Amino acid sequence: MSFTLADFQVGNIVAGKITKLEPTGILVDFDTDKLAFVPLIELSFAEIETPEEAVQLNEIREFLVVGDYDGEHGIFFSNCSPDTLKDSDRLYETALDLASEKCGHSINREDLIVHTKLLDIHRHGLSVRISWFLCSQEHPPTVSFSIRKLEMRTAWERVRQLQTEDVTVYGKILKKTSRGALVKIEGLRGVILTHVDKHREELVVGEELPLKIIEVKEEYNRLVVLHRSVSIRLRLLQVGQVVSGTIRSIKDYGVFVDIGDLYALLPTSKMFHPSVNHPNQFFKINDNLKATIAELDRKNGRVILESCGS
């Protein structure tokens, strides 16, 4: 019941009729000479225990064609030059060398399938992921079918749309961490950046919060959100603006200042006193402080202060 790349193209969406429900999966008719088996885990983005929770007998459903390659590997290049990307042979040779090293013997070019995916464009170059798949005429790479991954793709498209439209979303806290909290939005796991949120101590697992989406990167499986009040406060701030706040925490590298809905950091290096050994020489918890915004990173919810007049 396996299909090869000659039968279906990876990444395409195909329709099939569900002909049989089994405890571990379903059989689907894609108008071919054999039926395809789709396991239970690939039937829904949600957690299910039986096929009946996701599909119905004789139902026509869409499936995403995915690769079931033998020996999938990959490498990530964070600073790839555009010239290197244009010269696909250079990337292919890199994958061939790495595959041979991984297998412990020389790999022929015809036994290797290479996929190159552009992830990001930044000032240092390009971020690229190269994946390679070992195959042969005796064991060609096969494909399978998934509703789960199709629903996941739709969910990423949805959160990108919500970010573009600046919609307030509501997410329930799944877990608290040292630098944030995990939430679920449109079925996807996201991270609330709470290290700048003065209300982070009050967060409760199971609580539903109003959130703003600030970063969506499907290729990295990264969805970042901020509490709506923190996001709104960040938008009102500008570099060079003088703000007033209350010192809530003192570290050896600086002090954290409550400037309304979020914490800003006044680093030791940006304090007015150049000979500071430790901030507690000059500051105490609950001291009032006036400072200038030196750096503002809305994507990561980070505000860096400097002493007025420094």
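1. Glu-59, Arg-61 and Glu-151 are linked in a network of salt bridges, a salt bridge being a side-chain nitrogen of Lys or Arg within 4 Å of a carboxyl oxygen of Asp or Glu. Arg-61 is buried at a relative accessible area of 18%, whereas Glu-59 is partly exposed at 24%; buried means under 20% relative accessible area, exposed over 50%, and partly exposed in between (1.4 Å probe, protein chains only).

2. Before going further, note that this is a predicted model, in which local features need pLDDT of at least 70 and side-chain atom pairs count only at pLDDT 80 or more, while totals for chains, interfaces and linings use all residues. Residues are numbered from 1 along each chain as its sequence is written, and side-chain values use heavy atoms, with hydrogens and water left out.

3. By the salt-bridge rule the count comes to 12. One of these joins Glu-215 to Arg-222, with the closest N and O atoms 2.9 Å apart; Glu-215 counts as buried at 8% relative accessibility, and Arg-222 as partly exposed at 34%. Another brings together the side chains of Asp-258 and Arg-248 (3.7 Å, N to O). Because Asp-258 lies in strand β16 and Arg-248 in strand β15, this pair ties together parts that are 10 residues apart in sequence. Asp-258 is buried, with a relative accessible area of 11%, and Arg-248 is partly exposed at 37%.

4. Six strands form an open sheet in the order β1-β9-β5-β2-β3-β4, with antiparallel pairing; helices (H or I, at least four residues) and strands (E, at least two) are DSSP runs numbered from the N terminus, and two strands pair if DSSP finds at least two bridges between them. The edge strands are β1 (3–4) and β4 (36–39), each of which pairs on one side only. β1 and β9 (residues 142–146) are joined in the antiparallel sense over two bridges, and Phe-3 stands opposite Val-143 in β9.

5. The largest nonpolar core has 22 residues, of which Ile-259, Val-303 and Leu-305 touch the most other members; such a core is a set of buried Ala, Val, Leu, Ile, Met, Phe, Trp, Tyr and Cys residues joined through side-chain atoms within 4.5 Å. Among the elements that each supply at least two residues are α4 (228–235), β15 (242–251) and β19 (302–307), while β18 gives the most, with three residues. Leaving aside neighbours within four places in sequence, Ile-259 is in contact (heavy atoms within 4.5 Å) with residues including Arg-233, Leu-237, Val-243 and Val-303.

6. β16 and β17 run antiparallel and are joined by five bridges, with Phe-256 having Leu-265 in β17 as its bridge partner. The two strands form a hairpin with four residues between them, and Gly-260 in the turn has a positive phi of about 100°. Five of the five residues of β17 are buried: Tyr-263, Leu-265 and Pro-267 on one side, and Ala-264 and Leu-266 on the other.

7. Two backbone angles deserve a look. Asp-31, in the loop between β3 (25–29) and β4, has a positive phi near 65° although it is a residue other than glycine, and it is exposed at 74% relative accessible area. Glu-186, in the loop between β11 (180–185) and β12 (188–193), likewise has a positive phi, of about 55°, and is partly exposed at 40%.
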